[in-house]
Amino acid sequence: MTVKTLDNIDLVQTNPISSGVYPDIYENCPNDEPVESSRPSIFVETQEDTMQVPFGTFSMLHALMEGTEKAFDTAIYQCYNAFSNWDLGLSHSLSNRHVGKLFTVSHQYVQQALSRLTDKKWMKRLSGKYKISKFELKHHLCNHEDIPHDKDGRPAKCAMPRGFGGLFERMISGDVSWKSLIIWMLLKINSDFTTGITEPVGIKQLCKWTRFGTTTVSDCIKELESAGMLEKLERRPQEAQSYQLYPKPYAERRERTPEAERTWRDMRVEGNWRYSFNEEWRVNVKTADIQYSPDKKKPFRNASDYEKFQVMPKSIRRDFDLAVRIHSDMTAALNKSPCPT
């Protein structure tokens, strides 16, 4: 089995997931070698890394299961969530054409989904009208006091696989479709988070959650089986099916610390530009453009994707994301309720 890399599909941009450096997920991909197992050559027993996906009441996945959101809109939302800072909910820049290539749909179809998501307040555009899309995501669409929390006191989020063998990595490589990815996510949030074994669930229930047809759901299950992302467990006749999901969760639960309070010192301001403390980076809070100048004797220039996501320190990226969001919120508030004259 040959795995496509990000370069194979001629992406418009490459983006890291979260605030960390996006791993070269296919660099250490095992060679195709004959094995006795019936599992595919790309099989990951236990997850190597994770991304945080909101779940529980008022989350996007809950809205899908309740029938108030479409499966495709949910998949687009989850894509922007995967390529974002999971604490702040600030997505990285993704063009509609880029996302369309990932999902093998037209960019107009992506734009329609984004319009529905922004209209319903799941996402708020931060980039300018003619700029590459950048959004602030609402993890739980409710008042702050109603947000569900986990054992660690953080907003309820489920750790799902990323990196080699991860969900969007397998979709990007062409191993599974976006519909199969959504099926896997729904099975995940209805599973034991320590073993990866799902609750018994029938095809009809999955159809009800997704509004997919019976044939489509059955094909998705077969596709996930072929990709080595789930395995049917033994069951009695007439019982709903349980699955073992792959990659499995970590053998030992990793402790999550509460979200730390942020301390600040003011950035240098020059018009719409905010400068990093080392003066090598600056962000335009109006357009979200980032520029780089490692040599103080040379002028600033637009930073490449590689520089923004692999050279720039994560702390600067987080501060820039927050600066853009604060400016956007202040501008919106002033436009809504201007000062009396």
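Student: Where is Ala-303 found in this model?

Tutor: Ala-303 is found in the loop between β13 and α9 (305–311). The model is a predicted one.

Student: Is Ala-303 buried or exposed?

Tutor: Burial is read from the relative accessible area, with buried meaning under 20%. Ala-303 has a value of 12% and is therefore buried. Leaving aside neighbours within four places in sequence, Ala-303 is in contact with Trp-281, Ile-290, Gln-291, Tyr-292 and Lys-308.

Student: Which strands form the open sheet, and in what order?

Tutor: Strands of a sheet pair through backbone hydrogen bonds, in a parallel or an antiparallel sense. Here 5 strands form an open sheet with antiparallel pairing, ordered β9-β10-β11-β12-β13. The edges are β9 (268–270) and β13 (301–302); each has a single partner strand, so one side of each is left without a neighbour in the sheet. Strand β12 (residues 290–292) is joined to β13 by 2 bridges, running antiparallel, and Tyr-292 stands opposite Arg-301 in β13.

Student: Which residues touch the most other members of the largest nonpolar core?

Tutor: In soluble globular proteins, nonpolar side chains tend to be buried together. The largest nonpolar core in this model has 61 residues, and Ile-76, Phe-103 and Met-160 touch the most other members. Helix α6 (residues 178–189) gives the most to this core, contributing 9 residues. Apart from it lies another core, of 17 residues, which includes Leu-90, Ile-290, Ala-303 and Met-312.

Student: Which residues does Met-160 touch?

Tutor: Not counting residues up to four places away in sequence, the partners of Met-160 include Asp-49, Thr-50, Met-51 and Val-53, as well as Trp-184, Met-185, Lys-188 and Ile-189.

Student: How many residues of α6 are buried, and what span should the helix have?

Tutor: In α6, 11 of the 12 residues are buried, so the helix is largely enclosed by the rest of the structure. Among these buried residues are Trp-178, Ser-180, Trp-184 and Lys-188.

Student: Where is Thr-198 found, and with which residues is it in contact?

Tutor: Thr-198 is found in the loop between α6 and α7 (203–210). Its relative accessible area is 4%, so Thr-198 is buried. Beyond four places in sequence, Thr-198 is in contact with Leu-187, Asn-190, Ser-191, Ser-242, Tyr-243 and Leu-245.

Student: Where does Thr-331 lie?

Tutor: Thr-331 lies in helix α10 (residues 314–336). With a relative accessible area of 32%, Thr-331 is partly exposed. The C-alpha atoms of Thr-331 and Lys-286 are separated by 9.4 Å, the residues being 45 apart along the chain.

Student: Over which residues does pLDDT stay under 50?

Tutor: Where pLDDT is low, the predicted coordinates should not be read in detail. The mean pLDDT of the protein chain is 83, and 82% of its residues reach 70 or more. Values stay under 50 over residues 1–37, for which the model has 86 contacts beyond four places in sequence. They also stay under 50 over residues 260–264, with 6 such contacts.

Definitions and conventions:
Residues numbered from 1 in each chain as written. Predicted model: local features only at pLDDT ≥ 70, side-chain atom pairs only at ≥ 80, totals over all residues. Heavy atoms only, no water. Core = buried A, V, L, I, M, F, W, Y, C linked by side-chain atoms within 4.5 Å. Buried < 20%, exposed > 50% of the residue type's maximum accessible area, 1.4 Å probe, protein only. Helix = DSSP H or I, 4+ residues; strand = E, 2+ residues; numbered from the N terminus. Contact = heavy atoms within 4.5 Å. Pairing = 2+ DSSP bridges. pLDDT = per-residue confidence, 0-100.
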